[in-house]
Amino acid sequence: MQRLNSPAQLKACGTHPVLPGAAGFRQRKACAAQLVLALDVDTIGEAKRLLDSLYPKIRVFKVGSHLFTAYGPKVIEMLHKKGAEVFLDLKYFDIPNTVAKAVASAVRQKVKMLTLHISGGKEMLEAAVASARQQAKDAKVTRPLLIGVTILTSKEAKTEEVLALAKTGIDCGLDGVVCSVSEAAVLRRKIKNNFIIVTPGIRLNDCVQDDQKRIASVSQAVKAGSDFLVIGRPILKADNPLAKTEELLGDLSRLRR
Ligand code: C5P
């Protein structure tokens, strides 16, 4: 049985006290890693079918450039109408003013979390953080979690590079980072703040790697301290997405026992 309550693990993922407005993370007492489905599909109809079949087994759905470019905020509205939470993964990377405005728009759309590239630089990150706080206050909505992309999991990366980017992101006030499972444990050890780790590149044993270079299983991701396990094609391309989801959730719940 997997031990999830060692002092180190509880310290790493037990509480996220520094997130004003980031509901749900303030008082976490135990690891509760969540599966996130990347809705990387061509049509809103396909997205709706997946949502209808997988919610509430999966509660957080990731909307990336693929679906958002085609349908825009309509997708977010559809997910919210169902009761699901939205991870807006548009990986902002632009001048500070533009990113700040994009973040403010995302706040108004009440997304749970969003991504931006840490390599966009400190000024961009700080502008994003300030904008999220201000807009959440003005609109009286919960501030989304701001998650910084370190190095894409489709690329090879040196752990030190990922660590340096993650430190920059957290220092600038981000709530968490996206990294591969292979870096997650090091980040937990070396960055003292409480922060969220999002890990894409999750694969089952029988799955193909696709274009991902740094992949891992559910169990490896949870052991490494991941909070949100992002998975797309292994579910999207499965003959039976619901059965595949249940298999992954089974892996997760076995780890919680
Ligand atoms: O299909 P697959 O499981 O590889 O999907 C992974 C998802 O995570 C994709 O939507 C991709 O855009 C996203 N992602 C990633 N690597 C990052 C950040 C996000 O693969 N560093």
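**Figure 1. Overall fold of the chain in the predicted model.** Among contacts between residues at least 6 apart in sequence, 69% join residues that are at least 24 apart. The chain has eleven helices and eight strands. Of its 257 residues, 43% count as buried.

**Figure 2. The largest nonpolar core and the contacts of Ala128.** The core holds 72 residues, and Leu37, Phe61, Ala128, Ile147 and Leu229 are those that touch the most other members. Helix H6 (residues 122-139) contributes the largest share of this core, seven residues. In soluble globular proteins, nonpolar side chains tend to be buried together. With residues up to four places away in sequence left out, Ala128 touches Val99, Ala100, Val103, Leu116 and Leu146.

**Figure 3. Strand E8 and the strands that pair with it.** Strand E1 (residues 34-38) pairs with E8 in the parallel sense over four bridges. Within this pairing, Val36 has Val230 of E8 as its bridge partner. Strand E7 (residues 196-199) also runs parallel to E8, and two bridges join them. Here the bridge partner of Val198 is Phe228 in E8. In a regular strand the side chains alternate between the two faces of the sheet. Both faces of E8 are covered: Phe228 and Val230 are buried on one side, and Leu229 and Ile231 are buried on the other.

**Figure 4. Residues surrounding the ligand.** The shell around the ligand consists of 17 residues, and the closest are Ala38, Thr153, Pro200, Gly232 and Arg233. The elements that give two or more residues to this shell are E2 and strand E8 (228-231). By residue class, the shell divides into seven nonpolar, five polar and five charged residues.

**Figure 5. Helix H4 and its buried face.** Within H4 (residues 73-82), the residues Val75, Ile76 and Leu79 are buried. Seen down the helix axis, the buried residues of H4 fall within an arc of 100°, so they line one face of the helix. The cover over these buried residues includes helix H2 (44-54), strand E2 (60-64), helix H3 (65-71) and strand E3 (85-92). H4 is followed by Gly83, which has a positive phi near 105°.

**Figure 6. Leu145 in strand E5.** Leu145 belongs to strand E5 (residues 145-149). Leu145 counts as buried because it has 27 C-beta neighbours inside 10 Å, the threshold being 20 or more. Leu145 and Val107 are separated by 38 residues in sequence, and their C-alpha atoms are 9.7 Å apart in space.

**Figure 7. Ile170 in helix H7.** Helix H7 (residues 159-171) contains Ile170. Ile170 is buried, as 23 other C-beta atoms lie within 10 Å. Leaving aside residues up to four places away in sequence, Ile170 touches Ile191, Asn193 and Phe195. Ile170 and Asn194 are 24 residues apart in sequence, with 9.2 Å between their C-alpha atoms.

How values were computed: Residues numbered from 1 in each chain as written. Predicted model: local features only at pLDDT ≥ 70, side-chain atom pairs only at ≥ 80, totals over all residues. Buried ≥ 20, exposed ≤ 12 C-beta atoms within 10 Å, placed from the backbone. Arc of directions from axis to C-beta. Contact = placed C-beta atoms within 7 Å. Near = placed C-beta within 6 Å. Nonpolar A, V, L, I, M, F, W, Y, C, P; charged D, E, K, R; others polar. Core = buried A, V, L, I, M, F, W, Y, C linked by C-beta atoms within 7 Å. Pairing = 2+ DSSP bridges.
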